[in-house]
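Biologist: Before we discuss any label attached to this model, could you show me the chain, so that I can ask what stands behind each term?

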Amino acid sequence: MSRELIDLAVERLREDFPNKSKSWIRRALIRFMKGTVKEFNENTWVVKGLTELGDRYPTYVVRFKDGRYYCSCFESSWGLRRKSEICTHIAAVILYRNYKRLDSDVYASVVNIECVDYYLEIPSELRGKVKVVKSVKVIDATDKLNPRHRVTYVIYSSEPLEVRAKLACDGDVRELSLKLTRTRRYIIELLR
Ligand SMILES: [Zn+2]
């Protein structure tokens, strides 16, 4: 496992559950790092219990259904109390899924430009198939109303496509032919 990917996976977990305590995150991380999460099928995971974290059962089953996670620990004697919470078995599964996603391959192309006004257009028939993330940095604010930016576009897809795009940078409009090549997803997430 890569440290950088783990950090990102934890960061995403924190963003999704901003009200959860440090110890909740820590317990989820321990479960994940100890490799207790196994994928059973697309929507089901088996999480090995850890006595040091107070688990009473050797395994727990986490399911994802109708946009919600359910854990078999909800059905235990503590179930009524736990039902309203998201247990750390679920949090460990979310970490596992975040990590797996970050570690997966995507196909991407990068465009760097420096301009005051900018716009990138992807053909409408590719919307949904092709995604774009943009990172913008002001590099010259001498003219406060029209600062100059360094813009990085990452155009990516789950398939190796060739994408025709239109790029406007100030007065200049260009047609680009972008070949999306294989990279890892976390590289794109780092730009968010
Ligand atoms: Zn649980």
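Biologist: What makes the link of Cys-115 and Cys-169 left-handed or right-handed, and which is it here?

Modeller: In this model, which is predicted, the angle about the S-S bond is -125°, and the link of Cys-115 and Cys-169 is left-handed. The pair joins distant parts of the chain, with Cys-115 in strand E5 (residues 105-115) and Cys-169 in strand E9 (residues 162-169), 54 residues apart.

Biologist: How do you know that Cys-115 and Cys-169 form a disulfide?

Modeller: Their sulfur atoms are 2.4 Å apart, and the cut-off for a disulfide is 2.5 Å, so the pair meets the definition. The structure holds one disulfide.

Biologist: Turning to the metal, which residues coordinate the zinc ion?

Modeller: The zinc ion is coordinated by Cys-71, Cys-73 and Cys-87 through their SG atoms and by His-89 through ND1, at 2.1 to 2.3 Å. Donors must lie within 2.8 Å of a metal such as this one, so these four atoms qualify. In sequence the donor residues are spaced C-x1-C-x13-C-x1-H. Of these, Cys-71 in strand E4 (residues 68-71) and His-89 in helix H4 (residues 88-102) link distant parts of the chain, 18 residues apart.

Biologist: Why is the site of the zinc ion called tetrahedral?

Modeller: The angles among its four donor atoms are 104 to 114°, and four donors count as tetrahedral if all angles lie between 85 and 135 degrees, so the site is given that name. For reference, the ideal angle for four tetrahedral donors is 109.5 degrees.

Biologist: How exposed or buried are Cys-71, Cys-87 and His-89?

Modeller: Against the limit of under 20%, Cys-71 counts as buried at 2% relative accessibility, Cys-87 does so at 8%, and His-89 is buried with a relative accessible area of 1%.

Biologist: Which residues have the most contacts inside the largest nonpolar core?

Modeller: That core has 31 residues, and those with the most contacts inside it are Leu-13, Val-62, Cys-71 and Ile-90. Helix H4 gives the most to this core, with nine residues. Leaving aside residues up to four places away in sequence, Ile-90 touches Val-62, Tyr-69, Tyr-70, Cys-71 and Phe-74. A second, separate core of 19 residues includes Tyr-107, Ile-113, Val-163 and Leu-180.

Biologist: What makes Asp-66 count as exposed, and what is its phi?

Modeller: Asp-66 has a relative accessibility of 72% and the cut-off for exposed is over 50%, so the residue counts as exposed. Its phi is positive, about 50°, although Asp-66 is not a glycine, and its place is in the loop between E3 and E4. Asp-170, in the loop between E9 and strand E10 (172-179), likewise has a positive phi, near 55°, but with a relative accessible area of 36% Asp-170 is partly exposed.

Biologist: Where in the chain is confidence lowest, and where is it highest?

Modeller: Confidence is lowest in helix H3 (residues 79-82), at a mean pLDDT of 56, and highest in strand E2 (residues 44-48), at 98. The mean pLDDT of the chain is 92, and 95% of its residues reach 70 or more.

Methods. Residues numbered from 1 in each chain as written. Predicted model: local features only at pLDDT ≥ 70, side-chain atom pairs only at ≥ 80, totals over all residues. Heavy atoms only, no water. pLDDT = per-residue confidence, 0-100. Helix = DSSP H or I, 4+ residues; strand = E, 2+ residues; numbered from the N terminus. Donors = N, O, S within 2.8 Å, 3.2 Å for Na, K, Ca; no water. Tetrahedral: all angles 85-135°; square planar, octahedral: opposite > 155°, others 65-115°. Buried < 20%, exposed > 50% of the residue type's maximum accessible area, 1.4 Å probe, protein only. Core = buried A, V, L, I, M, F, W, Y, C linked by side-chain atoms within 4.5 Å. Contact = heavy atoms within 4.5 Å.
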